[in-house]
Amino acid sequence: MRLFVSEGAPGSLPVLAAAERAQGRAELLISTVGPEDCVVPFLTWPKLPVLQLDSGNYLFSTSAICRYFFLLSGWEQDDLTNQWLEWEATELQRSW
């Protein structure tokens, strides 16, 4: 898997924290790219962070990437975790 992050992308921090939790469960290459780089070939605008799976598929939602790493780590997601991920996506991201 390959994780693309940018210092300017607000979703990079929670994704990197979730990736740390899944460390050792899968091989992960982390690449830092510029905020203007369009990593996902079928999107017409830059979107970061992005997780490219070994299958070639892309996850480009911060919440979806975090949930994927949580599943890899074996961490049980509860309602509180889902609530915070939803808050981050709808409220915190909007403030940037």
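I began with the lining of the largest pocket, which by class has nine nonpolar, two polar and two charged residues. For the classes, Ala, Val, Leu, Ile, Met, Phe, Trp, Tyr, Cys and Pro are nonpolar, Asp, Glu, Lys and Arg are charged, and the others, Gly among them, are polar.

Ground rules for the entries. Residues are numbered from 1 along each chain as its sequence is written, and side-chain values use heavy atoms, with hydrogens and water left out. The model is predicted, with local features needing pLDDT of at least 70, side-chain atom pairs counting only at pLDDT 80 or more, and totals for chains, interfaces and linings using all residues.

**Pocket**

I got a volume of about 150 Å³ for the largest pocket. A pocket here is an open set of points on a 1 Å grid over the protein atoms alone where a 1.4 Å probe fits, with protein on both sides within 12 Å along at least five of seven lines; lining residues have an atom within 4 Å of a point. Points join across faces, edges and corners, and the volume is the space filled by probe spheres set on them.

I found 13 lining residues, with Ala19, Glu20, Gln23, Leu28 and Ile30 nearest the centre. Helix H1 (12–21) and helix H2 (62–73) are the elements giving two or more residues to this lining. H1 gives the most, three residues. Helices (H or I, at least four residues) and strands (E, at least two) are DSSP runs numbered from the N terminus.

**Sheet**

Next I traced an open, four-stranded sheet with mixed pairing, in the order E2-E1-E3-E4. Pairing takes at least two DSSP bridges between two strands. The edges are strand E2 (29–32) and strand E4 (58–59), each pairing on one side only. Strand E1 (residues 2–5) runs parallel to E2 over four bridges, and valine 5 sits opposite threonine 32 in E2.

I then checked the helices. H1 packs on the sheet, touching E1 and E2, with its direction at about 150° to that of E1. H2 packs on the sheet too, touching E1, strand E3 (50–52) and E4, at about 50° to E3. Contact is heavy atoms within 4.5 Å; axes are lines fitted to C-alpha atoms, for helices over the stretch in contact, with angles from 0 to 180 degrees between N-to-C directions.

**Rings and a cis bond**

My search of the whole structure gave three aromatic pairs. In one of them, phenylalanine 42 and tyrosine 58 have ring centres 6.1 Å apart and planes at 75°, so I logged the pair as edge-to-face. Rings of Phe, Tyr and Trp (its six-membered ring) pair with centres within 6.5 Å; planes under 30 degrees apart are stacked, over 60 edge-to-face, the rest tilted. Phenylalanine 42 is in the E2–E3 loop and tyrosine 58 in E4, so the pair ties together parts 16 residues apart in sequence.

Last, I noted a cis peptide bond from leucine 48 to proline 49, omega near 0°. Proline 49 lies in the loop between E2 and E3.
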